[in-house]
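Work through the following exercises with the sequence and the 3D structure at hand, and try each task before you read its solution.

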Amino acid sequence: MKTSTLVSALAFAAMSLAGSAHATVIDFTDLANNRLVVPLTVPSYLEDGFKVTAHGLFASLVATSNLNLLQYAGSTAVAGTFGSVIELQRADGGAFNFNSIDLIKLSKLNVGGNSVTFTGTFAAGGTISQDATFGKNFSFTNNAFSGFTNLKSVTWQEDRNVLRDFQFDNINVSAVPEPGNYAMLAAGLGLLAFVSRRKKAA
């Protein structure tokens with residue numbers, strides 16, 4: 001293989017690897033639902049290679065994007081039906097980093113508490129938990145997460161106290177490249193170095 005071809009192939013591999021680790025924001029824009037009087041309800045949602053699912057009896061995701069709804073805050077946000085456990089995963093089952101999420105109370109009439117616990121399950125086993133908050137003034141609160149890396153899933157459960165219901169939006173995540181991808185890139189770089197040395201010695 002010509003050195004120039006090898007360099008091009010390695011450059012492409014490096015860009016692909018970097019791209020796969022690029023952060024993405026799940027903003028639920030595909031659930032825009034301004035035509036309906038009631039919120040749009042779906043069992044799960046897929047965006048940018050990530051899947052958000054509601055688990056539990058009668059569980060579903062409720063998208064609020066209608067200007068006429070008390071739950072609408074200027075952006076399509078999602079809530080789980082009462083008692084739902086919300087789960088976030090990569091659609092292909094790969095590992096990912098959970099960076100941040102925006103939270104907001106469910107209704108302008110909400111006067112209850114303002115925290116929820118998120119639990120991440122590591123791809124290698126074990127869990128990590130962190131509390132997140134949402135403001136009481138019906139504006140989005142951004143919550144950053146520390147240590148939520150190399151996860152296979154993140155779950156959070158709607159508070160069983162109905163006065164503490166909340167919505168979520170703008171989930172910032174990034175896919176973690178498979179270890180094999182790094183190994184292939186390292187092998188390619190080693191091969192390139194070997195070819196370069198042979199050319200100089202010739």
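**Exercise 1.** Find how many aromatic pairs a search of the whole structure gives, and classify the pair formed by Phe-28 and Tyr-45.

Solution. The search, carried out on a predicted model, finds 12 aromatic pairs. Next, locate the partners: Phe-28 sits in the loop between strand S1 (23-26) and strand S2 (40-42), while Tyr-45 belongs to strand S3 (residues 44-47), and the two are 17 residues apart. Finally, Phe-28 is buried because its relative accessible area of 0% is under 20%, and Tyr-45, at 6%, is buried because it too falls under this cut-off.

**Exercise 2.** Classify the pair formed by Phe-118 and Phe-145, and state where each partner lies.

Solution. With 5.1 Å from centre to centre and 65 degrees between the planes, this pair is edge-to-face, because the angle is over 60 degrees. Phe-118 lies in strand S9 (residues 115-122), whereas Phe-145 lies in the loop between strand S11 (141-144) and strand S12 (151-157), 27 residues apart. Both Phe-118 and Phe-145 are buried, and both belong to one aromatic cluster that also includes Phe-28 and Tyr-45.

**Exercise 3.** Is Asp-169 buried or exposed, and which side chain does Asp-169 join through a polar contact of 2.5 Å?

Solution. Asp-169, in strand S13 (residues 166-175), has a relative accessible area of 0% and is therefore buried. Its side chain makes the polar contact with that of Ser-75. Beyond its neighbours within four places in sequence, Asp-169 is in contact with residues including Phe-28, Ser-75 and Phe-140.

Technical notes:
Residues numbered from 1 in each chain as written. Predicted model: local features only at pLDDT ≥ 70, side-chain atom pairs only at ≥ 80, totals over all residues. Heavy atoms only, no water. Phe/Tyr/Trp six-rings, centres within 6.5 Å; stacked < 30°, edge-to-face > 60°. Helix = DSSP H or I, 4+ residues; strand = E, 2+ residues; numbered from the N terminus. Buried < 20%, exposed > 50% of the residue type's maximum accessible area, 1.4 Å probe, protein only. Polar contact = N/O pair within 3.5 Å; in protein donor to acceptor, adjacent residues only side chain to side chain. Contact = heavy atoms within 4.5 Å.
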